[in-house]
Amino acid sequence: MSDDSVFDVAPFDDARASAYLDDQLDATERREVAALLDADPEWARGLDELAQTRTLVRGLAVVEPPAGFLESLVTNDATPTGATVTDLDAVRHRRTRRLTGAFAAIAAAAALLVAVVVPSVARTHPALATDVRVHQAGVAASSDPVSGLAPLGTSMGFGR
Amino acid sequence: MTDRRRTGVLLRAVGIALLAVGAVAVPGRAADSNPADDLLDRARHAVRNLEFHGTVRIWWRDAKGGQNQTVAVAAVGGELQIAGGKVLEDSGRSWVAQAGGWQTLWADANDTKDANAPNLARKYTVIRRAGPMVVQRSTTMLVIRRGGHDVEQIEFDRVTGIVLGRDRFDVTGAPTYRMEFVTLTGVRVRRGQAAVPKIDAEAPGRVRAAPADTARALTGGFVLVDARRMNASETQLRYSDGVFEASVFAQSGALDWSSLPAGGSDVRYGSVRARRYRSAAGTVMVWQAGDRTLTCVTDARDDDALGIVESLSRSSDSDWTTVVRFVTGPFSWR
């Protein structure tokens, strides 16, 4: 580099060159890159190579995978070449199933614990006729025996 | 009439007269003595010491309207026999005939007014006046009033003290219940002592003390009179306002509504749903409070019944837990 150069020449930068090709630099940066291309043959050559490569890649036909290849990626952990491929969706699905199972097991255990340790609330069948008789017996003992007990001679229709 | 027969009639008359005079002197609770207590003490004394045969007619109002039934009553040898002896009473103890024998309803020979019952004057006014003729016998009527309406009228035989008639009224003053003798014969001084059934070993009985957390007072001036054990899973809490009693039977467990007999109607007391029945014995209400089933039997007016249900439903679960544990605990009663 000569002493009279107006600025130091920066080494070729793929990202900056790619952005230049894609017209994604602002005016100042674009002028700088243009100056580099004029001043440095390495920059000019590098930009040509990058442009050609992009053209080649974009011109390639879309390659279809062999039949069953994608399915094999989902069902097998290993590719035909032996490399390990992780299907994240499948992993998440398995993890969800394991968590669901764990929660179900915990819930079942808790329900069993409640059933065994905590007494269940029994259903009661009040014996109304007996309750009425005992009540009236108390009324008879503390008030008047005749008017207290005579109602028990009627058909109350309470069953027990 | 021969001299011997005349002497017998005279002796019987003197006996009844002496009994009547003596009955008035039955010791009451001097501090809380009032006309109602004195007259009811005398009525109990008369049933225990006289003999008679009679028929009472009971009228009450239920969901179908007014109902009428007659029931035979007899006092023989100190024993009161209801419906031909299907129900027996002797000095406070009582039994009912069952298929397998006698079921003891009340095991305590304490035929006196509950000592813990409040004085009725706190809630009611009492008027004593001449009553109507009942089975051709003159009566003394006790009128119990509240808020300008009669709530109860009791007609006592002037000579013997036997209760010959009893009426109850609703909030509006309309009658809800009437019991009256329609026949009464063979009134005489008691002779001998009739045999009575045994007291069941598992008969309901009073506990030494009510659970500490039991509601001691309910809306409407009802106070706890005593707590009784019905069986291994049920307790009876008895409340009184000085005139009416309310028994609350508490069981642990959810109410099986489908097990209740037909004939009741669903009513709401505030937020509480209850099944209510009307019978000759008064009002029966069943409802669920928390995980307990409560049954209230009372002859009190509906406004008082409402207060009882509401105040019991407000009791906390911990209160009822204590009550249930109390009666189901192995060393907690008797």
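Biologist: What makes the pattern of chain A read α-α-α-α-α-β-α-α?

Modeller: Helices and strands are DSSP runs, numbered from the N terminus (H or I, at least four residues, for helices; E, at least two, for strands). Chain A has 7 helices and 1 strand, and along the sequence they give that pattern. This is a predicted model, where local features need pLDDT of at least 70, side-chain atom pairs count only at pLDDT 80 or more, and totals for chains, interfaces and linings use all residues. Residues are numbered from 1 along each chain as its sequence is written, chains are lettered from A and ligands numbered from 1 in the order in which they are written, and side-chain values use heavy atoms, without hydrogens and water.

Biologist: Happy with that! Why is A:Ile106 called exposed?

Modeller: Exposed means over 50% relative accessible area, buried under 20%, and partly exposed in between (1.4 Å probe, protein chains only). A:Ile106, in helix H5 of chain A, has 54%, so A:Ile106 counts as exposed.

Biologist: And how do you know how much area chain B and chain A bury between them?

Modeller: Buried area is the accessible area (1.4 Å probe) that two parts lose on being put together, summed over both. For chain B and chain A that gives about 3900 Å², 67% of it on carbon and sulfur atoms. Strand S16 (residues 245-252) of chain B supplies the largest share of the side of chain B that touches chain A, 6 residues.

Biologist: Nice. How many salt bridges cross the interface of chain B and chain A?

Modeller: The rule asks for a side-chain nitrogen of Lys or Arg within 4 Å of a carboxyl oxygen of Asp or Glu, and across this interface it finds 0.
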